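Please examine the sequence and the model shown here.

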Amino acid sequence: MPDICVEHLSKSYAGTAILNDVTFTVKDKEFVTLLGPSGCGKTTTLMAIAGFQTPDSGRISCGDETFTDGRTAIPAERRNLGIVFQSYAVWPHMTVAQNVAFPLRVRKMPRRAVAARVAEVLALVELGDLAGRYPHQLSGGQQQRVALARAIGYSPSVLLLEGEGMDRGEGGRSRTSTPSCASALVTGSGSCSTRSASPRCS
Ligand SMILES: Nc1ncnc2c1ncn2[C@@H]1O[C@H](COP(=O)(O)OP(=O)(O)OP(=O)(O)O)[C@@H](O)[C@H]1O
Ligand SMILES: [Mg+2]
């Protein structure tokens, strides 16, 4: 729903400029891919939007809300973003259903509503039959869909999807599963994006 605006974003690590005046906008319901060679700053850009990296300068906003502008920064847990990391980051000691339920339980959703929502999103990513399995009993693509189901379960405003698998192959499936409420911003090297933006590399 809200537009994500990244304006004049810069970030250095140990004196080496990684992001140099990066500016782009992801509009409502757009699916945008950040493309670029390894090390050019795609993950750094996503992590800055997510709130796990503090930019040196620039502004990031989501709709009317300023996430960071160099003076203020909203913590990651208050940005209402769904995030699927490159490594999926599903919890190995939880079943598929427990992985998806976890963020809902943290948000104090009533038990019955959690069960209904978990069933709904697992059906959406076609994992309903595997709800009782553990991650080590799943393929890579199935684990990726667990991570996607967990990310969309609490209806985030924006989805951040990291990694090349997310924009083709299993990612093709994930695109069709993107909830209608969300914009999506993806990093990777695929070619099926609606629109591409490249971090300006130094
Ligand atoms: N914490 C850190 N300290 C120092 N350098 C870092 C740190 N994190 C990332 N870098 C460097 O910043 C650059 C950009 O990293 P980033 O992870 O954003 O790249 P990327 O575009 O996502 O690459 P890939 O396609 O390989 O995932 C890389 O050269 C990386 O080595
Ligand atoms: Mg990366």
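By class, the shell around ligand 1 has four nonpolar, six polar and one charged residues; here Ala, Val, Leu, Ile, Met, Phe, Trp, Tyr, Cys and Pro count as nonpolar, Asp, Glu, Lys and Arg as charged, and the others, Gly among them, as polar. This is a predicted model, in which local features need pLDDT of at least 70 and side-chain atom pairs count only at pLDDT 80 or more, while totals for chains, interfaces and linings use all residues. Residues are numbered from 1 along each chain as its sequence is written, and chains are lettered from A and ligands numbered from 1 in the order in which they are written.

Among the residues around ligand 1 are Tyr 13, Ile 18, Lys 42 and Thr 43, a residue being near if its C-beta atom, placed from the backbone, lies within 6 Å. Helix α1 (residues 42–50) gives the most to this shell, with three residues; helices are DSSP runs (H or I, at least four residues) numbered from the N terminus.

Which residues of α3 are buried? They are Val 114, Val 118, Val 121 and Leu 122, where buried requires 20 or more other C-beta atoms within 10 Å of a residue's own, and exposed 12 or fewer. Because these residues cover an arc of only 100° around the axis, they lie on the same side of α3; the arc is that of the directions from the helix axis to the C-beta atoms. The face turned away from the buried side carries the exposed residues Arg 112, Ala 113 and Ala 116.

The mean pLDDT (the predictor's confidence in each residue, from 0 to 100) of the protein chain is 83.

Technical notes:
Helices (H or I, at least four residues) and strands (E, at least two) are DSSP runs, numbered from the N terminus.
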